[in-house]
Amino acid sequence: MYIIIAGGGKVGRFLTENLVNRGHEVLLIEKEKYKVEQYTEQFGGIVVQGDACEAQVLSDAGVARADVLIAVTGDDEDNLVCCQVAKRKFKVGRVIARVNNPKNERIFRALGIDATVSHTRALLEIIEQELPLSSLRHLFYIRDSKLEIIEVIIGPDSPARDKTISNLDFPTDSSILLVVRNGKVLVPGGNLALKEQDEIVILTPQNSDNQVQEALIGE
Amino acid sequence: MKFVILGCGRVGSRLATMLDMMGHEVAIIDKSQDSFKRLPPSYNGQAIIGVGIDEDVLRSAGIEKADVFAAVTNGDNTNIMASEIAKELFNVPRVLARIYDPLREETYHALGLETICPTTLISNVIVGRVLPGEVKPKVPTPAGTNPLGSGQGL
């Protein structure tokens, strides 16, 4: 595949290295001259100096035959413009943008960017998983579906303790995927009674986990 | 009419002051409090500190009820992104973006954005005044010459 990368910061550099090692044809576009010189020494002649938001620079880079363009500068507006010019003017099949402010993910999608990557959100998710502050933990967002997977540990005061799943007051738009007891996975059938310390993995609409909380954790 | 203006530089502050004096409802956004010093004490409109590509900042400026949005920061890409948010996400009826880079202006004009390029505008005015009646050629734009293209705006 021919892949163009816009922005030679840390992300752009490692991405270039990685994709080259996987045998792809890669071109890295970077604004700063000293970085271009440094990377040319490392990667050879696959680095060009220029502003990847400029149609002329993209055109010179042969963007019209690129399979993918990935914009990974530190500025969201630059990444957006670069991807839009590539997609709308040069008809690049797939454009991927790094999003520094997670709020912009939705906006980028609405403005025609095929895929977004938010390192801020990814970091937050990892940190949230590592913080045992609440007995309800977020595990995974399912992109575009507005669903998420969460985990709840049944505590001593849980209203669900010693109840069977069919007797739970559980929201109809959510479903229990797994019950983990002492490290073993149990099939969440209606007759299974939940016990203290059980880990319950649940699929639920994003931002509507209040009802799940009421059913499994209590007030 | 209700106007939301992004960028309180020379152009933004003058525009806001003018519209305010004409009796229109004006909200101006800038990332720096200092920029609002350019507004006269008589200015009656809103002044909001914030990043113009942030939906919540735009909402607090009343973008949902705006008739016109004008993006006049010194960052081309900021102006483009903010204008697209105003147009596509908030359906503001009239959206104008200042874009310094002629090539980028051409691209986004072709893609349906109402754009103003001061670079071509002023060149044309000077040539028109000094050499009235002569046909102005279409100037090719060399790549990599636009220092204001990115990252410097709000």
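# Reading a predicted two-chain model

Student: In chain A, what share of the contacts with a separation of 6 or more joins residues 24 or more positions apart?

Tutor: Two residues are in contact if their C-beta atoms, placed from the backbone, lie within 7 Å; in chain A, residues 24 or more positions apart account for 54% of the contacts with a separation of 6 or more. In chain B, 53% of the contacts between residues at least 6 apart in sequence join residues at least 24 apart. This is a predicted model, in which local features need pLDDT of at least 70 and side-chain atom pairs count only at pLDDT 80 or more, while totals for chains, interfaces and linings use all residues. Residues are numbered from 1 along each chain as its sequence is written, and chains are lettered from A and ligands numbered from 1 in the order in which they are written.

Student: How many helices and strands does each chain have?

Tutor: Helices (H or I, at least four residues) and strands (E, at least two) are DSSP runs, numbered from the N terminus. Chain A has seven helices and 11 strands, while chain B, with five helices and six strands, follows the order β-α-β-β-α-β-α-β-α-β-α along its sequence.

Student: Which domains does the assignment give for chain A?

Tutor: Domain bounds come from an automatic or database domain assignment, which here gives domain 1 (2–122) and domain 2 (132–216). The centres of these two domains, taken over C-alpha atoms, are separated by 40 Å.

Student: Which residues have the most contacts inside the largest nonpolar core?

Tutor: In soluble globular proteins, nonpolar side chains tend to be buried together. A residue is buried if 20 or more other C-beta atoms lie within 10 Å of its own, exposed if 12 or fewer, and partly exposed in between; a nonpolar core is a set of buried Ala, Val, Leu, Ile, Met, Phe, Trp, Tyr and Cys residues joined through C-beta atoms within 7 Å. The largest core has 68 residues, and those with the most contacts inside it are A:Ile4 and A:Leu69. Helix H4(A) gives the largest share of this core, six residues. Apart from it lies another core, of 12 residues, including A:Ile150 and A:Val212. Not counting residues up to four places away in sequence, A:Ile4 touches A:Leu69 and also, among others, A:Leu27 and A:Val63.

Student: Where does A:Asn182 lie, and is A:Asn182 buried or exposed?

Tutor: A:Asn182 is in the loop between strand E9 (175–181) and strand E10 (184–186) of chain A. Although not a glycine, A:Asn182 has a positive phi of about 50 degrees, and A:Asn182 is exposed, with 9 other C-beta atoms within 10 Å.

Student: How many residues does the contact take from each chain?

Tutor: The contact takes 21 residues from chain A and 23 residues from chain B. On the side of chain A that touches chain B, the largest share, eight residues, comes from H4(A).
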